[in-house]
Amino acid sequence: MSHSLKETISTSQGIALYVGAVLGSGILILPGMTGGIAGPNALIAWIVMILLSIPLAYTFAFLSIDYPSSGGVATFARKAFGYYAGALVGWFFFIAGSVGQIIVSLTGGTYIAFSFGLPHPVAYLVAFILLIISVTSNYFGLKTSGKFQLLIAVLTLFILLAAILLALPSVDYKNVKWSLEPSTFPSIAQSIMLIFWSFFGWEAISSLAPEFKQPRKRNILLSTLGAIIIVGILYVGVAFAVIGTHSYSMDSNNIHEAMNHAALSEVVRKGLGTNGSWITAIVAFIICLGTMNAFIASMSRLGYSLAQHNFAPSYLQKINKKYSTPSRAVLIVGGIAGVGLLTSYLFNIGLEQLVFIPNSLGIATYIVGAAAGIKLIKHLIGKIFALIACILCLISYVFIGAFLIIPISVGGCCLFYIWRKKQKSEKEFQNF
């Protein structure tokens, strides 16, 4: 009896799933943040990221065609470079996804605080509320329905399209005039590094590959192309809306930073007034809640899986029999995010710095994935895409700066843990 996954995903469904995987809370905060860093030149950073997405997305598309597996990037890394590479990718994803919930929750909190004119600390209070709701629902196994996740995707699309359309009458084309000089390159590079957070998800098609209808190659390649076009238009359109209406500030005080973090709310306020800003904040809150629910569920399962394969402490392997959830893994993910939120508040660590933590780990994952593509992909064009993606991600890593210590530290902890686990097992075997 066959237990293989059914081939049910068409090209149009593939595009929808892919766009849904890439669109996320990052687009709610990054247009204003990058505008505050690079001004009109932030548009260059968004365009560069779209161009970088082409070889990156197609690398995972070709890998998915040649090696369809629900294991995704970890499977490719293990096939190309062995057991330890798969473990590293798992650790990178787990830490990046857990830390990412600090950013997602603060995004929802910032939109509420800014749009309703509340003090900045309220953003952290709302963020903690979001985190508590998400952790509690995942702990008790309150499953998010497919319809609710579809609603989140529709709301995200609605906010992006509304911001673009409402901005058009207010755009001053002087605001989008670029100024390319050597002195502007560092700010553009910093913006590119931040924008990476909005583009994570290109690897998502890897896990869905076995479920694509035949001809699988054609459907995966067309889905990838369609997703790149749609995401590219939406992201550049939103960045254009924020920068064209100057809904950001290059000042560094709390009020102007809050506006940058809730720039889409400011765009809508200029088009519809205060009520429009409030509606945007509430919708942003719902989007962030849905994103956190999905991510905490995903990361807790990843932690459970890592423990099952002896890549992580067995503590994470505990299943709550009553609720059928990896309850300890849920608490660890929530704990990482909670401690991160508290640390961010106490030491005034802004979103601009926090984003670099998951970005440094995500780009490291993409480097491993692209390198695996160079080795594994059979098609010449696919190999070329993988080579270009690997080189561009490596170049990008230069601009991560001191945050390079994060993937090095996480990787070191992963390898040390596996080594200690192996040593302990050998010692127990010898004493048996």
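Here is a friendly set of numbered notes to read beside the structure.

1. **Before you start.** This is a predicted model, in which local features need pLDDT of at least 70 and side-chain atom pairs count only at pLDDT 80 or more, while totals for chains, interfaces and linings use all residues. Residues are numbered from 1 along each chain as its sequence is written, and side-chain values use heavy atoms, with hydrogens and water left out.

2. **A nonpolar patch.** Look for the surface patch of about 870 Å² made by Ile374, Leu380, Ile384, Leu387, Ile388, Ile391, Leu392, Ile395, Val398 and Phe399. Patches take residues with over 30% relative accessible area and no salt bridge, joining nonpolar side chains (Val, Leu, Ile, Met, Phe, Trp, Tyr) within 5 Å and like charges within 9 Å. The areas come from the Shrake-Rupley method with a 1.4 Å probe, and for residues only the protein chains shown count as cover. Helix α17 (residues 380-397) gives the most to this patch, with seven residues. Helices are DSSP runs (H or I, at least four residues), as are strands (E, at least two), and they are numbered from the N terminus.

3. **Backbone details in loops.** Which peptide bond is cis, with omega near -5°? It is the one from Gln214 to Pro215, and Pro215 sits in the loop between α9 (204-208) and α10 (216-244). Next, find His246 in the loop between α10 and α11 (254-261). Its phi is near 50°, a positive value in a residue other than glycine, and His246 is partly exposed at 38% relative accessible area. Ser324 also has a positive phi, near 55°, and is likewise a residue other than glycine. Ser324 belongs to the loop between α13 (274-308) and α14 (327-346). With a relative accessible area of 54%, Ser324 is exposed.

4. **Aromatic rings.** A pair of aromatic rings is described by the distance of the centres and the angle of the planes. Rings of Phe, Tyr and Trp (its six-membered ring) pair if their centres lie within 6.5 Å; planes under 30 degrees apart are stacked, over 60 edge-to-face, and the rest tilted. By this rule there are 21 aromatic pairs. Why is the pair of Phe356 and Phe403 stacked? Their ring centres are 5.1 Å apart and their planes meet at 20°, so the pair is stacked. This pair links distant parts of the chain, 47 residues apart: Phe356 is in helix α16 (residues 356-376), and Phe403 is in the loop between α17 and α18 (405-431). Phe356 is buried at 7% relative accessibility, whereas Phe403 is partly exposed at 25%. Elsewhere, Phe60, Phe196, Trp197, Phe200 and Tyr366 form one aromatic cluster.

5. **A charge over a ring.** The charged end of Lys378 sits over the ring of Tyr67, 5.6 Å from the ring centre. The rule asks for NZ of Lys or CZ of Arg within 6 Å of the ring centre and within 35 degrees of the ring normal.

6. **One salt bridge.** A salt bridge needs a side-chain nitrogen of Lys or Arg within 4 Å of a carboxyl oxygen of Asp or Glu. The count here comes to one, and the side chains of Arg269 and Glu266 form it, at 2.8 Å from N to O. Both residues lie in helix α12 (residues 263-272), three residues apart, which is about one turn of the helix.

7. Asn41, in the loop between α2 (26-38) and α3 (42-66), is buried at 4% relative accessibility. The side chain of Asn41 reaches the backbone nitrogen of Ser179 at 3.0 Å. His261, in helix α11, is buried at 5%. A polar contact of 3.1 Å joins its side chain to that of Glu352.

Key
Buried < 20%, exposed > 50% of the residue type's maximum accessible area, 1.4 Å probe, protein only. Polar contact = N/O pair within 3.5 Å; in protein donor to acceptor, adjacent residues only side chain to side chain.
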